[in-house]
Amino acid sequence: MSRITEVADRAGVSAMTVSRVLNNSGYVSAATRQRVELAIAQLGYVPNALARQLRSKRTKMLALVVSDISNPFFTTIARGVEDAASARGFAVMFCNTDESAEEESRYLRLLVERQVDGVLLVPAENAAASLRLLRNHKIPVVVLDRRASRRVDNVRCDSEAGAHALASHLVELGHRRIAVLTGRRGISTSVDRVAGVRRALADAGLALDESLVRYGGFNFGDLNLADGRRMAQEVLAATDDPPTAIFAANNFIAFGAIRALHDLGLKVPDDISVVAFDDLPVEWVSDPFLTVAAQPAYEIGRRAAEMMIDRLLGERTTAGESVVLPFEVIVRRSTGTPRGRETSVRPRTLTAAAAGPADGRRSLQELRVP
């Protein structure tokens, strides 16, 4: 096994210069860096990460713990985290909990044992126990996608405002009875999205019919589709006055609901309109038709990783910083005027309040219709 001194001898530089190249620290001329990198390649030198960890008391390793890595929203977040971390010399370990608090706890204990520098966490349910564990072991944490206490760094989109914008769009089209299919009651995103729909109806002098609200599992993969299908079947059978629109708290719930509608011979949007939180990457759907509130998933991941690394390097000292990123409503073919109801011309542009990144104050964001 080659040693750093051998690399230095081959390149004709000091061991300190080799260390600067390896750690991307301090000034090294381009020509010298090229000689060192060539020597490293020729000798097949691999730094001793354990020895470096013992000297620096740092692993240069972050962990991203998400609830469903098969969901393209979290996959895109992961890419944002990895790109930002890699650019600053950090590696990322990925953990998938399948929305299980027990699996989350198991992973976090493993990460404590591995002495990762920081954890980027999408909590499965109530994050209190997980945050307490990390705090007891002095491991910094940033919570992604979901609300967190004021003492914890947090990067997310405004779920309540996004749901409000989608429901306001439905109300403007003439919908008065909107079903809400969401996730678990213990998850802030599912609760916030119900609240956003309720507020949009209240703004129009209407009330959300609680018999049309269903809490599911925010599970993973096909289970999310099954949840959406089941919840749609339930709300359609719950009353003699069925909803004319469905708000789905994520894309997979929406697709499950659309399957239920198809089973019943109902067409979207002719018989019932459907909107969803989150959008799918263009490579997933050749002809997007869902009206959505799209979240900046890549930016959520990138900003969270930047926040974590800044804190590790002492460049960020304010406790419990919160970044709330704007959403974008994209109106497509899954929404229309309720059957048998005369309405005004469909709006070309919508506006919705999107929380600002630092102080929580709201500003107007223009929303586009493709």
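Predicted model: local features only at pLDDT ≥ 70, side-chain atom pairs only at ≥ 80, totals over all residues.
Residues are numbered from 1 along each chain as its sequence is written, and side-chain values use heavy atoms, with hydrogens and water left out.

A nonpolar core is taken as a set of buried Ala, Val, Leu, Ile, Met, Phe, Trp, Tyr and Cys residues joined through side-chain atoms within 4.5 Å; buried denotes under 20% relative accessible area, exposed over 50%, and partly exposed the range in between (1.4 Å probe, protein chains only). The largest such core holds 52 residues, of which Leu120, Leu144, Val197 and Phe247 touch the most other members. Helix H12 (residues 297-312) gives the most to this core, with eight residues; helices (H or I, at least four residues) and strands (E, at least two) are DSSP runs numbered from the N terminus. A second, separate core comprises 22 residues, including Ala179, Ala232, Ile246 and Ala257. With contact defined as heavy atoms within 4.5 Å, and residues up to four places away in sequence not counted, the partners of Leu144 include Leu64, Ile77, Leu120, Ile300 and Ala304.

Helix H8 has 15 residues and reaches 22 Å from its first C-alpha to its last, close to the 21 Å expected at 1.5 Å a residue, the expected span being 1.5 Å times one less than the number of residues. Of the 15 residues of H8, 14 are buried. Gly174, which follows H8, has a positive phi, near 110 degrees.

Arg177 lies in the loop between helix H8 (159-173) and strand S6 (178-182). The residue is buried, with a relative accessible area of 19%. A polar atom of the Arg177 side chain lies 2.6 Å from the backbone oxygen of Asp241. Residues touched by Arg177 include Asp209, Leu212, Asp241 and Pro242.

Rings of Phe, Tyr and Trp (its six-membered ring) pair if their centres lie within 6.5 Å, with planes under 30 degrees apart counted as stacked, over 60 as edge-to-face and the rest as tilted. The ring centres of Phe73 and Phe74 are 5.1 Å apart and the planes stand at 65 degrees, so the pair is edge-to-face. Both Phe73 and Phe74 are buried.

Technical notes. Polar contact = N/O pair within 3.5 Å; in protein donor to acceptor, adjacent residues only side chain to side chain.
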